[in-house]
Amino acid sequence: MSDGLSSARPWPAPAKLNLFLHIIGRRPDGYHELQTCFQFVDLCDEVTIAVRDDGTIRRGAGAAGVDPEQDLCVRAARALQAATGTRRGADISVSKRIPMGAGLGGGSSDAATCLVALNQLWDINLSVDELAALGLKLGADVPVFVRGRAAWAEGVGERLTALYPPLAPNEHNYLIIKPNVFVSTRDVFQDPELTRDTPPITIHGFLATGGGNDCLPVVRRRYPEVARAVDWLSTYGAARLTGTGACIFMVCEPARAREIVGQLPAGYEAFMVRGLNDSPLLERLAA
């Protein structure tokens with residue numbers, strides 16, 4: 001039932017950093033109005049897909065502890081089937097490198113990669129706008145991964161402005177630290193002490209000031225492990241929280257990063273990565 005050629009080369013699903021995150025309001029439906037800047041990094045999951053001709057969607061390897069029926073890749077494939085009426089299916093396996101509950105967007109990226117890859121492998125040929133709209137139903141971060149460009153984001157994160165030079169972020173090297181804790185984005189955004197009235201800024205304002213992360217005070221209070229990690233990394237430079245965490249990061253050249261990682265406290269994971277303004281998924285799609 002499977003087309004072995006389609007699984008010969010994995011599809012990349014990159015992690016992202018929120019270079020800043022401001023919450024500028026709350027909508028009547030309870031969702032928050034955000035401003036953020038997304039940049040990809042070269043830490044990637046790998047999604048392997050083998051096309052089936054019987055319509056079955058089946059997950060092989062995937063995120064530990066996640067029910068296959070709730071897996072975002074499976075949901076993305078079924079959403080694409082439902083939207084297009086295709087009778088084709090797929091065997092989907094994910095080699096996970098991006099930690100879960102970390103603020104790096106791994107699940108959303110995996111789902112976006114499945115949408116983009118299956119759109120091609122199933123010969124559906126939906127537009128990028130159509131795929132992004134479908135992805136938004138799976139999660140607010142999915143559209144930026146579908147589009148594959150570093151982006152300024154507003155709304156719930158779905159109103160995207162692709163950033164090209166000279167407005168694109170610098171593709172710095174980063175050191176990412178993950179303490180041994182899973183952060184609940186839902187709990188952070190429901191916290192009554194969360195700042196929800198930060199004045200809006202412009203892209204030029206962000207480039208001038210760097211912005212901040214309005215979730216950090218709540219995450220520090222609710223997750224002492226993150227607070228300790230921020231304090232530790234801050235002794236080496238300007239540490240920032242990505243999304244709602246748990247990961248924190250700083251601009252750091254590889255040689256310095258290796259020195260810092262040599263002092264890494266027990267229970268922390270470290271990732272030395274390169275910032276990317278273009279997702280590696282775009283290159284894979286072109287190939």
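About 280 Å³ of space lies in the second largest pocket. A pocket here is an open set of points on a 1 Å grid over the protein atoms alone, where a 1.4 Å probe fits, with protein on both sides within 12 Å along at least five of seven lines. Its volume is the space filled by probe spheres set on the points, which are joined across faces, edges and corners.

A word on the model: it is predicted, local features need pLDDT of at least 70, side-chain atom pairs count only at pLDDT 80 or more, and totals for chains, interfaces and linings use all residues. Residues are numbered from 1 along each chain as its sequence is written, and side-chain values use heavy atoms, without hydrogens and water.

Back to that second largest pocket. Its lining has 19 residues; lining means an atom within 4 Å of a point. Nearest the centre are Val128, Val146, Arg147, Leu282 and Leu285. By class, 13 are nonpolar, four polar and two charged. Nonpolar means Ala, Val, Leu, Ile, Met, Phe, Trp, Tyr, Cys and Pro; charged means Asp, Glu, Lys and Arg; the others, Gly among them, are polar. Elements that each supply at least two lining residues include H3 (128-136), H4 (142-147) and H10 (280-286). Helices are DSSP runs of H or I with at least four residues, strands are E runs of at least two, and both are numbered from the N terminus.

Now the largest pocket. Its volume is about 1,600 Å³. Of its 49 lining residues, Ser108, Gly139, Ala140, Asp141 and Thr185 are closest to the centre. The lining has 20 nonpolar, 20 polar and nine charged residues.

How do H2 and H3 pack? Their angle is about 135°, and their axes are 10 Å apart. Axes are lines fitted to C-alpha atoms over the stretch in contact, with angles from 0 to 180 degrees between N-to-C directions. The two helices are therefore oblique to each other: not under 35 degrees (roughly parallel), over 145 (roughly antiparallel) or 65 to 115 (roughly perpendicular). In the loop between H2 and H3 sits Asp123. Its phi is positive, near 55°.

Next, the hairpin. S6 (151-155) and S7 (159-162) run antiparallel, joined by four bridges; pairing takes at least two DSSP bridges. Glu154 stands opposite Arg159. Three residues separate the strands, and Gly157 in the turn has a positive phi of about 115°.

Last, a cis peptide bond. Pro165 and Pro166 share one, with omega about 5°. Pro166 lies in the loop between S7 and S8 (173-178).
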